[in-house]
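Please read these notes beside the sequence and the model. They are meant for someone meeting both for the first time.

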Amino acid sequence: MERGGLVVRAALLGDLDAITKLEYDSFPEDRVSRRSLRYFLSAPHQPVIAATIGNELAGYALVSLRKGARSARIYSIAVDARYARRGVGLALLQACEKYARLQGRAALTLEVRYDNAAAIALYEKSDFRHFGEHSDYYADGATALRYKKDLVRSRHSQDRGPPRRSKRARLRRQR
Ligand SMILES: CC(C)(COP(=O)(O)OP(=O)(O)OC[C@H]1O[C@@H](n2cnc3c(N)ncnc32)[C@H](O)[C@@H]1OP(=O)(O)O)[C@@H](O)C(=O)NCCC(=O)NCCS
């Protein structure tokens, strides 16, 4: 996907240094280690997504696919501060949704620190809904808010037939 110089693509092993730096710069603790990032970047199902602007890494996301689960989970997402508020986070989230759908997942979940206002605003703008919490989730004891987005329309909304006539319209026809 390309939009105004922004390219969103599957990340490659060659992105390891830049992604590790971004992950370490973005999170003081509870980081994904370089070793784990290398493992995910080598995985055949390509769960790491890179956003680049002019060949520089502007952001990245890692989607976790637990076997047998109906949801995929955003394990990490970060945008380089130099590229903040340019829609990179939004584009990465959309790419995560597309990836999860292609992997046959019906929903996307994530956890976010209760005081991460920027990320919470991003998720709520993208129609994720708050559905729970994990207390004492982060290394410093902070609470995580759990967010979820359904990726398929419910059967109920798909199976609904043509719109029902209003009572008034039915009465008019009977006259
Ligand atoms: C959260 C983060 C990914 C947002 O990335 P971004 O590329 O700057 O976000 P976008 O430009 O796509 O913003 C989309 C919307 O999210 C909201 N938003 C993003 N940053 C915001 C901020 N600092 N304050 C308030 N709202 C914000 C806004 O609604 C914004 O739309 P707008 O710019 O039209 O008002 C980025 O700030 C980041 O990497 N933070 C550090 C790592 C992190 O906390 N990751 C999330 C872990 S759960």
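1. Ground rules. This is a predicted model, in which local features need pLDDT of at least 70 and side-chain atom pairs count only at pLDDT 80 or more, while totals for chains, interfaces and linings use all residues. Residues are numbered from 1 along each chain as its sequence is written.

2. Overall make-up. The chain has six helices and eight strands. Helices (H or I, at least four residues) and strands (E, at least two) are DSSP runs, numbered from the N terminus. From the N terminus on, their order is β-β-α-α-β-β-β-α-β-α-β-β-α-α.

3. Of the 175 residues in the chain, 26% are buried. Here, buried means that 20 or more other C-beta atoms lie within 10 Å of the residue's own, with C-beta atoms placed from the backbone. Among contacts with a separation of 6 or more, 59% link residues 24 or more positions apart. A contact requires C-beta atoms, placed from the backbone, within 7 Å.

4. Strand E3. Five of the six residues of E3 (residues 48–53) are buried, so the strand is largely enclosed by the rest of the structure. E3 pairs with strand E2 (residues 6–10) in the antiparallel sense, over five bridges. Strands count as paired if DSSP finds at least two bridges between them. E3 also pairs with strand E4 (residues 56–64), again antiparallel, over six bridges.

5. Follow Ala-51. In E3, Ala-51 stands opposite Val-8. In E4, the bridge partner of Ala-51 is Gly-59.

6. The hairpin. E3 and E4 form a hairpin with two residues between them. In its turn, Gly-54 has a positive phi of about 55°.

7. Helix H3. The 15 residues of H3 should span 21 Å at 1.5 Å a residue, and the end C-alpha atoms are 21 Å apart, so the two agree. The expected span is 1.5 Å times one less than the number of residues. Buried residues of H3 include Val-88, Leu-92, Cys-96 and Tyr-99. Just after H3, Gly-104 takes a positive phi of about 80°.

8. The ligand shell. How many residues surround the ligand? There are 19, and the closest are Gly-89, Leu-90, Ala-118, Ala-121 and Leu-122. Strand E5 (71–79), helix H3 (88–102) and helix H4 (117–125) each give two or more residues to the shell. A residue is near a molecule if its C-beta atom, placed from the backbone, lies within 6 Å of it. H4 gives the most, with six residues.

Conventions
A residue is buried if 20 or more other C-beta atoms lie within 10 Å of its own, exposed if 12 or fewer, and partly exposed in between; C-beta atoms are placed from the backbone. Two residues are in contact if their C-beta atoms, placed from the backbone, lie within 7 Å.
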